[in-house]
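Take a walk through this structure, one stop at a time. Keep the sequence and the 3D view side by side as you read.

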Protein chains: 2
Amino acid sequence: MSSCPLPFDGPSVIVLGHGSGGRLSQRLLEQIILPGFRNEWLDALHDGAILPPVQGQLAFSADGYVVRPLFFPGGDIGQLAVHGTVNDLAMCGARPLYLSVGFILEEGLPVETLVRVVSSMKEAAERAGVRIVCGDTKVVERGKGDQMFIHTSGVGVVREQVKIDARRVVPGDKVLLSGPIAAHGIAILCVRDGLEFVPPIQSDTAPLNGLVDALLDAVPDVRVMRDPTRGGVVSALTEIAVRAGVEICVWEESIPVDGAVAGACELLGLDPLHVANEGKFLAIVAAEDVERGLTALWAHPLGREATVVGEVTGEHRGLLTLRTRMGGRRMLDLLAGEQLPRIC
Amino acid sequence: MSSCPLPFDGPSVIVLGHGSGGRLSQRLLEQIILPGFRNEWLDALHDGAILPPVQGQLAFSADGYVVRPLFFPGGDIGQLAVHGTVNDLAMCGARPLYLSVGFILEEGLPVETLVRVVSSMKEAAERAGVRIVCGDTKVVERGKGDQMFIHTSGVGVVREQVKIDARRVVPGDKVLLSGPIAAHGIAILCVRDGLEFVPPIQSDTAPLNGLVDALLDAVPDVRVMRDPTRGGVVSALTEIAVRAGVEICVWEESIPVDGAVAGACELLGLDPLHVANEGKFLAIVAAEDVERGLTALWAHPLGREATVVGEVTGEHRGLLTLRTRMGGRRMLDLLAGEQLPRIC
């Protein structure tokens, strides 16, 4: 646990005044938030950051984080908020450059909790090689929020010669998956339901930009990538199938799921294909690029268990199907309602 | 009030499933949110938007909106969220181009309320000439939020030859204000406190990019601009004074405040200089640029009441002072705590 970067000469819990734009806001910013993220653009403390020109197409992404609990095995809301937006930019074929961070704090939140989250975001941003350059803090009354919500957005530059577009997916393409699925959702659920595994199941939250770079260096022609967060692999691949007007078939026996995660899924009655991930991605590539792609993924610490999990066929437009271990085939559909609220 | 853009074949209130990433999320997105914001980038429905290259320095800004009530005389949370980020980019000397929108919805929110807000954001974005290109929706349980929070971030391109930097402010410079202050904060407070004026006091929420363009066309050398939102004119000018290491002195008799707003401030015991605005800005310019600047502002519908409200002196570093109507002089300081919670 990190300690407060500076002695904080204010109340030990968040009060409404921290969101006022007055003295308390200023102190929170100067003593807690800025020391965490310090860089020349954020320090300018303007209404927005003025950044150097960027050569190439821009990628722009945004996501909110309402995960509960704030801290969980393998990560916390701050890491998730940095990794999530870094990963969304990486999925555009972009190098993430700059992030914004918005906090919505509930009155009564211990300042120490905010300090821990800021410190965690700082480390995550450094690991991913991005700068946090602008942001905002709001405070709502006790009972009108839930400790802390975070919103991040990010800007990146799309790599040259890379053209990520689901409409480029064609029958014959293969589906790569960067590693075992369902760890994040199950880690959160185990904490919430008091299910104890030894060792505890850890969230897979991680920045994917390095791994994506490795893949794109080897295979610039990747058709499309997607990180299967909320809604899991099924939501991510269904969106691609619909957008591309193809059928995607995944092979049950090829989907990697770690033993403890698979056991927890059984116990909880969940299909790992619907469970959220925060450090995995799917890439659709031409069949001739599979070997080169896998070799590149395997060489990176986050891609050692990468594998081919399915293929694109032209048979049924906009459908995702599963080829079962028994050789049968069934449709995989989006979940109708909520399986795991506030997973990210 | 806008009607639903498409018949919505889902529940009439927001449920947790709308944040699941499954079927209900998809329906909310396709039937409520996308029809409001439709454009080629958003329609790509990727994890992020892939945008054309931008020539010049980037401006990047982000803000959260937790205003209560959601709808108030002169505006609503949706307009505020669009205008706020547009204005922050304009304050960087940038032309706003793209916005992201993140919703955090409380379970039980009427879908019709979301439809009204989306429709209002669509109109505000069109008026300001920006595209909403990416976003996200999360749902939290009843009692863990407050109807709706919005987070927007934005990307713009800094105008050539414009160099907005508080450190360029020097003694002798003058402070321009684009119009009468304190309307937004007072409009919100009147609604909350049940104070009825006839006609009701309206928020001044407006996109400032057109007005800022008019000023910068005439005076590219503007030193710094700031829109006095939370914390009002005092917070905005104090930040500039500290950053620039100068004293800024504002002239009490020159600060424009509309009659009804001034009356309400009296009644509520508020100093209009501390009250939030959402459609006004301060610009510091060289003395020789004042006339040209004012002429440009007066020619724009949002700047007709622009005026000079103070000057920069070198006497006391980092201070904001007020020259009173009686000829006295006193320090203006940031408020210690919270005056008006959840004003934006």
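**A loop, a sheet and a helix pair**

Start in chain A. A:N39 sits in the loop between α1 (23–37) and α2 (40–43) of chain A. Bear in mind that this is a predicted model.

Is A:N39 buried or exposed? Its relative accessible area is 6%. Buried means under 20%, so A:N39 counts as buried. Now look at its side chain. A polar atom there lies 3.0 Å from the backbone oxygen of A:F37. The side chain of A:N39 also reaches the backbone oxygen of A:I132, at 2.8 Å. Leave out residues up to four places away in sequence, and A:N39 touches A:R131, A:I132 and A:V133.

Next comes a sheet. Five strands form an open sheet with mixed pairing. Their order is β1(A)-β2(B)-β7(B)-β5(B)-β6(B). Find the edges: β1 (49–51) of chain A and β6 (131–140) of chain B. Each of these edge strands pairs on one side only. From one strand to the next, the twist averages 15°.

Zoom in on one pair of strands. Strand β2 (residues 58–65) of chain B and strand β7 (residues 148–158) of chain B run antiparallel. Eight bridges join them. Take B:F60 as an example: its bridge partner in β7(B) is B:V155. Helix α3 (residues 77–91) of chain B lies across β2, β5 (94–106) and β7 of chain B. Its direction is at about 150° to β2(B).

Now for two helices. A packed pair of helices is described by the angle between the axes and the distance between the axes. Helix α6 (residues 209–218) of chain B and helix α9 (residues 290–298) of chain B have axes that come within 8 Å. The axes cross at roughly 145°. The crossing of α6(B) and α9(B) is right-handed. Which residues of α6(B) meet α9(B)? They are B:L211, B:A214, B:L215 and B:A218. On the α9(B) side, they meet B:R292, B:G293, B:A296 and B:L297. By class, this contact has six nonpolar, one polar and one charged residues.

Finish with B:P11, in the segment before α1 (23–37) of chain B. Its relative accessibility is 30%, so B:P11 counts as partly exposed. Setting aside neighbours within four places in sequence, B:P11 is in contact with B:H18, B:L24 and B:V111. B:V212 is 201 residues from B:P11 in sequence. In space, the two are 43 Å apart, C-alpha to C-alpha.

Note on methods. Residues are numbered from 1 along each chain as its sequence is written. Chains are lettered from A and ligands numbered from 1 in the order in which they are written. This is a predicted model: local features need pLDDT of at least 70, side-chain atom pairs count only at pLDDT 80 or more; totals for chains, interfaces and linings use all residues. Side-chain values use heavy atoms; hydrogens and water are left out. Axes are lines fitted to C-alpha atoms, for helices over the stretch in contact, and angles run from 0 to 180 degrees between N-to-C directions. Helices (H or I, at least four residues) and strands (E, at least two) are DSSP runs, numbered from the N terminus. A crossing is left-handed if the near helix is turned anticlockwise from the far one by less than a right angle, and right-handed if clockwise. Contact means heavy atoms within 4.5 Å. Ala, Val, Leu, Ile, Met, Phe, Trp, Tyr, Cys and Pro count as nonpolar, Asp, Glu, Lys and Arg as charged, and the others, Gly among them, as polar. Two strands pair if DSSP finds at least two bridges between them. Buried means under 20% relative accessible area, exposed over 50%, partly exposed in between (1.4 Å probe, protein chains only). A polar contact is a pair of N or O atoms within 3.5 Å; within protein, one must be able to donate a hydrogen and the other to accept it, and residues adjacent in sequence count only if both atoms are side-chain atoms.
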